[in-house]
Amino acid sequence: MDEQELLAAIHSLVAVDQRDLVCDQVGHGAGHACLTVDDGIDLAAFGEVLSGRFGQPCNLAADGYVDPMMTEGTRAPLLTPFGNQLVGMHSWAYADRWIGCGAVRADGDVRPVVLVAERVIPHPDGMPEDAPWVDRVVAVTGWAGERGDGVDWAAVESRLRTELPSDYKELVERFGYGAFDDYLSLLLADGPPGSLDIVDFNEFWARSSRIDGDGSWEPYRWYPAPGGLLQWASTEQRTSFFWLTEGTDPDRWPILVTDDAYTKWDRFDGSTAEFVYRLLTDPLHPHSTARYFDSHWYMPYENPTRP
């Protein structure tokens, strides 16, 4: 297969109405499907294409060295078909599938390999009833990325002139720049290029509301108006997620969600991390991704240490 044929085959194997994964290579077990790759394909360039569609990859193996933390982990289905023949492998997550792109030794040569494998993430039903909502989000997405650099929240909150919900700050530091289920992206503080900065973004719309009025957001007003809107997340579909800054305790701020026309507002009384968790897992949630995916993931847009 050439690059376009590989992409089409990968998309068919990770589709929501996907078929079972069966590999036709001799000696390979169940739970994955190897794709036929043209010898002349540029693996590095193809990996960049995959990153453009599925986020930044995790490096499982390089120069024949396999990360031992991966061999017994959830990504093992990408590695076990090749044993000690594996030269290198990068992986991407999408719903209940892994995508792998790498190289193996065969008959004295090094040849490219591309495969799709099953991704099984234990559901966090067994967590303690008092487990923090952030931990539940981590568990349901299977996220194991190491924390990034700490954020100077005092400086951020000074610029915004308000404290922010504590579990929002925890989500930012645990996950960084990316999207839950390739859908909801957090506004960050001092994030990498391409991300929306929570301070700059809200300051821009606050200035706009002072000049043009709050007509687009009625019956609400934009923060720093008392009880005003403060945006904390968005989607590529231009769905917007706000805190309604009522009261002095940010951890008790309600959440409002609206579309790009600002015609319908959904209110959620609960914390930020609880909202994200229920969005991922509750099919009755008004903005649920659980209607489309049985397994959930976090798609990183910056290179994580170990997602």
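**Aromatic pairs and strand pairing**

A search of the whole structure, a predicted model, finds 28 aromatic pairs. Rings of Phe, Tyr and Trp (its six-membered ring) pair if their centres lie within 6.5 Å; planes under 30 degrees apart count as stacked, over 60 as edge-to-face and the rest as tilted. The ring centres of W143 and Y298 lie 5.2 Å apart with planes at 75°, so this pair is edge-to-face. W143 belongs to the loop between α5 (133–141) and α6 (153–160), and Y298 to strand β13 (residues 298–300), so the pair ties together parts 155 residues apart in sequence. Helices (H or I, at least four residues) and strands (E, at least two) are DSSP runs, numbered from the N terminus. Both W143 and Y298 are buried (under 20% relative accessible area, with exposed over 50% and partly exposed in between; 1.4 Å probe, protein chains only).

One aromatic cluster is formed by W153, Y168, W232, F241, W243, W253, F268 and F275. Charges also sit over rings. The criterion is NZ of Lys or CZ of Arg within 6 Å of the ring centre and within 35 degrees of the ring normal. The charged end of R119 sits over the ring of W98, 5.1 Å from its centre. R136 lies over the face of W133, with 4.3 Å to the ring centre.

Local features need pLDDT of at least 70 and side-chain atom pairs count only at pLDDT 80 or more, while totals for chains, interfaces and linings use all residues. Residues are numbered from 1 along each chain as its sequence is written, and side-chain values use heavy atoms, with hydrogens and water left out.

Strand pairing was assigned next. Two strands pair if DSSP finds at least two bridges between them. An open sheet of five strands runs in the order β8-β9-β10-β11-β12, with antiparallel pairing. Its edge strands, β8 (185–186) and β12 (265–268), each pair on one side only. Four bridges join strand β11 (residues 255–258) to β12 in the antiparallel sense. Here T258 stands opposite W265 in β12.

Strand β4 (residues 86–94) has eight of its nine residues buried, so it is largely enclosed by the rest of the structure. Strand β2 (residues 58–62) pairs with β4 in the antiparallel sense over three bridges. N59 stands opposite H90 in β4. β4 also runs antiparallel to strand β5 (residues 97–106), with eight bridges between them. The bridge partner of L86 in β5 is V104. β4 and β5 form a hairpin with two residues between them. In the turn, A95 has a positive phi of about 50°.
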